[in-house]
Amino acid sequence: RLPPPLRQTRVMSSPPPRDASRISASVRASGVPAFRVMEVMKAAHDRERDGKNVLHMEVGQPSVGPPTFVLDAAHAALDQCARGETTLGYTVADGTDELRGKVAESYRTRYGVDVDPTHVMVTTGSSAAFVLAFLAAFDAGDRVAIAQPGYPCYRNILEALGVEVVPVPVDATTNFQPTPGLLDLAEKENPTKPIKGVIVASPSNPTGTVLTSRELFALHDWCATKPSGKAFFVSDEIYHQIEYGTERAASALEAPAAKEAQVAIVINSFSKYHCLTGWRVGWCIVPDSLRNSMTALQQNLFINAPHISQVAACAALHKECAETLNSHVERYRENRKVLLEGLPKAGFTKLSSAGGAYYVYADVSHFTKDSVALCARILHVTGVAIVPGVDFDRERGHQHVRFSFCGSLETATGAVAKLVAHRKEWDVETVEE
């Protein structure tokens, strides 16, 4: 069974016309929506400031910092700088040779894939990688398909660049992931403008779902072989190594046709598994056709990723960090079990499979028609901070919420207990079928 039919989508929502007599934000910028999660964070902060307890399940950020080995490496680099032995100044635009080499080596070790270090671009977090890749790969007016629900920044960045976003509605019947069949429908929606790109995340945000290698490769091959011409396949692999099934998440670079097709743009980051969120360092594996363009864009937009962060990232890839980082994943695994077993007792019975990352996406249509109001009420009554689905799905997000379980086990168990104990106080709406 396929999800509801695709809807025709404008390039971006139309903001109010600009007043020529006043200095104001551009029409392009005015059309980019704010993050609802930030509003939840502020409300949670205000509650804590008033002396009330908050159980944080709203933010996708590990509750611990980087391993000691990483901090020691950064500290040593700062000491060298203080002694005048280095400036920690600019690096070449694509990143230090050491870090690019270590990233390439990680693909050989983990995926059995040979990556030329010259194809590795170190970026200021994955966010900069998306901006650079989208600018290099797509022109204004191009059609790019994304899963809905999905990470909101894909859509917001693309729309800010004038790209036409083609949302592909997905649900539990496809494990909240797109399929070649759904992409065929999206392609047929406007036969005169073929899809120029597809963005896929596995494990995904907000659902935590993971594509099998066969499913991922099928999506890659759809982009490489579709009759209307090739499309770039942007594979967001930021949550790799945070997985709970027997099969690890596959990389798009493992697709049998990947080397020949040269359509895969693989993006990753040190933020999630490596716990370096605030250090702002990620990377992109760049196909041949985009290398020169992305380097030129990097030079002009960002110059380079922060030097000290590149030092830390090198250390994060050292085998010395593996035990610590894997122990965090085991904690996430315990938290996931608590939520998947406990949330149904509070009435959250329709949950995503959460095979990776650290998110559970819950259907709350039996509770409310307004997930924003529900999240506010749950925070007020229980102190549990979760986010509404409207950030991730503009059309159906009012019927969903996201739980993030990258905090402590005590947070996960405490949140479930609060939701169960106080359900009569927050589950107060009457929803007509």
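**Cavity and pocket linings**

Me: How do the residues lining the largest cavity divide by class?

Reply: The lining of the largest cavity divides into 10 nonpolar residues, 4 polar and no charged, where Ala, Val, Leu, Ile, Met, Phe, Trp, Tyr, Cys and Pro count as nonpolar, Asp, Glu, Lys and Arg as charged, and the others, Gly among them, as polar. This is a predicted model, in which local features need pLDDT of at least 70 and side-chain atom pairs 80 or more, while totals for chains, interfaces and linings use all residues. Residues are numbered from 1 along each chain as its sequence is written, and side-chain values use heavy atoms, without hydrogens and water.

Me: How many cavities of 30 Å³ or more are there?

Reply: The structure has 1, a cavity being a set of points on a 1 Å grid over the protein atoms alone where a 1.4 Å probe fits but cannot get out.

Me: And how much space lies in the largest cavity?

Reply: About 100 Å³, taken as the space filled by probe spheres set on the points, which are joined across faces, edges and corners. Of its 14 lining residues (an atom within 4 Å of a point), Ala147, Pro149, Gly150, Ala201 and Ser204 are the closest to its centre.

Me: Which element gives the largest share of that lining?

Reply: Strand E5, with 3 residues; strands (E, at least two residues) and helices (H or I, at least four) are DSSP runs numbered from the N terminus. The elements giving two or more residues are E3 (143-148) and E5 (195-201).

Me: Switching topic, what lies closest to the centre of the largest pocket?

Reply: The pocket, an open set with protein on both sides within 12 Å along at least five of seven lines, holds about 610 Å³. Phe35, Gly60, Tyr151, Tyr239 and Lys272 are the closest to its centre among 30 lining residues, and H5 gives the most to this lining, with 4 residues.
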